[in-house]
Amino acid sequence: MESHALLIGATLSAGTVLALAALGLLINEKAGVVNLGAEGMMLCAALAGFATVVHTGSAWLGFAAGMAAGALLATLFGVLVIWLNTNQYATGLALSLFGAGFSAFAGTGYVQARLPERPRYAMTLLGDVPLLGPALFRQHPLVYLSMLLTLGLIWFLYRSRAGLVLRCVGESPASAHTLGYPVRRIRLAAVAAGGALCGLAGAYVSTVYTPLWVEGLVAGRGWIALALTTFATWRPARVLLGAYLFGGVTMLQFHLQASGVQTASQLLSMLPYVATIVVLALISRNPAWIRANLPASLGKPFYPGS
């Protein structure tokens, strides 16, 4: 029973990283922009968050620093692809490579650094409920925030005027421009907001999920989050459920190892990435399903007056 509770709790924590990053990328893609630089943004944000906590002792300042780093890099990406019309895919890959290299170089002095001991979070009374308490009610506040963020994003996209405008920009930027909406500025704001969420995910990795700094700490989660948006067919609720699915697969490898399963650790480490490939392959068998939810202008440049 206790091992199952620990597995569920670890799944929620691991899924939160993917959910935050994937929701940020979802905002980007709803506006018609593909950002392949999530891995690089998360790495730089992880370093920024970790360094801030080391020097200030405040985890929340670390989250703010991570969000700022992610938003800054995303804004740079946005200026290049939205105003200078560079190729979105090439620019995103360049951002990912830059983030990986810069974080490895700048983080050299923090490899041996330690974070101050963080408080234990638990809801009064609910945290002591057998099985459900340790699994659901002893999580970091960001775990619950990611759930609320998902609900808020659903309302924003499908119940608010601003969300309608954002989706219009992603579906038909020329029509939005004709109606007088500043397409480029809206896209840049969406890209910056998405970058901030990716940055929050990166800071969560280095300060809560794995409280340390080493080169390549994010370990491909940015790419999984990018695949998750397609897996979820650009729906926030599906993003959250998919994040917990992939988080569970990630944690399953450690659970199996702790249970004494005689399997090579390398094979178990492959599970999250194999699951990603299998799911994407299954989804791609039904292209009509993807086309029904895919923003029409995704990945295409916008030229005012076109």
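Buried means under 20% relative accessible area; exposed means over 50%, with partly exposed in between. The model used in these exercises is predicted.

**Exercise 1. Burial of α10**

Task: Determine which residues of helix α10 are buried, and what their count says about the helix.

Solution. 
Step 1. Apply the cut-off of under 20% relative accessible area. The buried residues are Arg 221, Gly 222, Ile 224, Ala 225, Leu 226, Ala 227, Leu 228, Thr 229 and Phe 231.
Step 2. Set the count against the helix length: nine of the 11 residues of α10 are buried.
Step 3. Look past the helix end. Thr 233 follows α10 and has a positive phi, near 45 degrees.

**Exercise 2. Aromatic pairs**

Task: State how many aromatic pairs a search of the whole structure finds, then classify the pair Phe 98 and Phe 102 and the pair Phe 231 and Phe 246.

Solution. 
Step 1. The search gives three aromatic pairs.
Step 2. Take Phe 98 and Phe 102. Their ring centres are 5.6 Å apart and their planes stand at 15 degrees. Planes under 30 degrees apart count as stacked, so this pair is stacked.
Step 3. In general, an α-helix has 3.6 residues a turn, so residues three or four places apart point the same way.
Step 4. Check accessibility. Phe 98 is partly exposed at 44% relative accessible area; Phe 102 is partly exposed at 41%.
Step 5. Turn to Phe 231 and Phe 246. The centres lie 5.5 Å apart, with 65 degrees between the planes. Over 60 degrees counts as edge-to-face, and that is the class of this pair.
Step 6. Locate the partners. Phe 231 sits in α10 (residues 221–231) and Phe 246 in α11 (residues 236–258), so the pair ties together parts 15 residues apart in sequence. Phe 231 and Phe 246 are both buried.

**Exercise 3. Packing of α2 on α3**

Task: Describe how helices α2 and α3 pack, and name residues that meet.

Solution. 
Step 1. Read the geometry. α2 (residues 38–56) and α3 (residues 59–83) pack at about 150 degrees, their axes 7 Å apart.
Step 2. Classify the angle. Over 145 degrees is roughly antiparallel, so α2 is roughly antiparallel to α3.
Step 3. Assign the hand: the crossing is right-handed.
Step 4. List contacts. The α2 side includes Gly 40, Cys 44, Ala 48 and Val 53; the α3 side includes Leu 61, Gly 66, Ala 69 and Leu 73.
Step 5. Sort by class. The contact has 11 nonpolar, seven polar and no charged residues.

Notes
Residues numbered from 1 in each chain as written. Predicted model: local features only at pLDDT ≥ 70, side-chain atom pairs only at ≥ 80, totals over all residues. Heavy atoms only, no water. Axes fitted to C-alpha atoms, helices over the stretch in contact; angles between N-to-C directions. Helix = DSSP H or I, 4+ residues; strand = E, 2+ residues; numbered from the N terminus. Parallel < 35°, antiparallel > 145°, perpendicular 65-115°, else oblique. Left-handed = near helix turned anticlockwise from the far one by under 90°. Contact = heavy atoms within 4.5 Å. Nonpolar A, V, L, I, M, F, W, Y, C, P; charged D, E, K, R; others polar. Phe/Tyr/Trp six-rings, centres within 6.5 Å; stacked < 30°, edge-to-face > 60°. Buried < 20%, exposed > 50% of the residue type's maximum accessible area, 1.4 Å probe, protein only.
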